[in-house]
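Reader: Could you walk me through how the helices and strands pack in this one? I'd like to start with a helix contact and then move on to the sheet.

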Amino acid sequence: MPELPEVEALKDFLTEHLVGRRVVRVLPVAISVLKTYEPPLTAVEGGEVTAVDRYGKFLGLATDGGPHLVTHLARAGWLQWRDRLPDGPPRPGRGPLALRVALETGEGFDLTEAGTQKRLAVYVVRDPREVPGIARLGPDPLAADFDEERLAALLTDERRRIKGALRDQSLIAGVGNAYSDEILHAAKMSPFKIAGSLTPEEVHRLHEALRTTLAEAVERSRGLAAGRLKAEKKSGLRVHGRAGEPCPVCGDTIREVSFSDSSLQYCPTCQTGGKPLADRRLSRLLK
């Protein structure tokens, strides 16, 4: 799933390639991706893109005509830039293509989604805050005012485990499964630790790890073409998706806890005092 760093990089990429250019067509291929109907999708057509913004994991295009085209790429969605779009409209079918945006220059991009769980979402709204997921977002962890005191306040009385709390978009915007693993590894903190039990020193470590991990990932992705962002994300991860490999910090074997629809990875030596965590496959920790 694209998380804050990848969506931030897509925002920068699209700002360079879209701002100042006019949208001539928006072609839905999978109607299921459209989550709004008023204004219609055609309201974006003819408008010049004036800005590209990120809201947590949401990506929004503002046009001079007023409507915003907002998308959430979900777990298996992606944006593919095309210097030259194919001639003719795309044909609906079983392929990954969900929506195509064409510019007056002949360039454009496709929104695609792999797999059978179709969760990619597209909204056309007058104000991005009309999108329910954006309206519920917590603070952005890279915002200038996201300091230790704000993080501590967010975690006060929080009874969930810290892994689940970090992934809650209404608590902190933009962090998903992969970067929560990376943040907790950098903070030397068990993913099962109760969020509200953190000491001031632990809040300090978590805040530093949160900001540093995300900022470094954004910097690694900066300037890359959209098609290279997935590979960059994977190459930069130290523990997530690397179960069975040696920890790059201490050399211990990275372990995994599996759940019904996801998994987490961690280093016992760095994070849990050398003790393996119970692998409760049906745990509801992340729900």
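Reader: Which residues in α1 meet which residues in α6?

Author: Bearing in mind that this is a predicted model, Leu 4, Pro 5, Glu 8 and Ala 9 in α1 meet Leu 214, Ala 217, Val 218 and Ser 221 in α6. By class, the residues of that contact of α1 with α6 divide into six nonpolar, one polar and one charged.

Reader: And at what angle do the axes of α1 and α6 cross?

Author: The axes of α1, which covers residues 4-18, and α6, which covers residues 200-221, cross at roughly 40° and come within 8 Å. Angles under 35 degrees would count as roughly parallel, so α1 is oblique to α6.

Reader: Left-handed or right-handed, that crossing?

Author: The crossing in which α1 passes α6 is right-handed.

Reader: Switching to the sheet, in what order do the strands come?

Author: The order is β2-β3-β4-β8, four strands that form an open sheet with antiparallel pairing. Its edge strands, each pairing on one side only, are β2 (49-55) and β8 (121-125). On average, neighbouring strands of this sheet are turned by 15° against each other, with direction ignored.

Reader: How many bridges join β2 to β3?

Author: Six bridges join β2 to β3, the strand of residues 58-63, and the two run antiparallel. Within this part of the sheet, Val 52 stands opposite Leu 61 in β3.

Reader: Back to the helix, then: which strands does α1 lie across?

Author: Helix α1 lies across β2 and β3, and it runs at about 175° to β2.

Terms used
Residues numbered from 1 in each chain as written. Predicted model: local features only at pLDDT ≥ 70, side-chain atom pairs only at ≥ 80, totals over all residues. Heavy atoms only, no water. Axes fitted to C-alpha atoms, helices over the stretch in contact; angles between N-to-C directions. Parallel < 35°, antiparallel > 145°, perpendicular 65-115°, else oblique. Left-handed = near helix turned anticlockwise from the far one by under 90°. Contact = heavy atoms within 4.5 Å. Nonpolar A, V, L, I, M, F, W, Y, C, P; charged D, E, K, R; others polar. Pairing = 2+ DSSP bridges.
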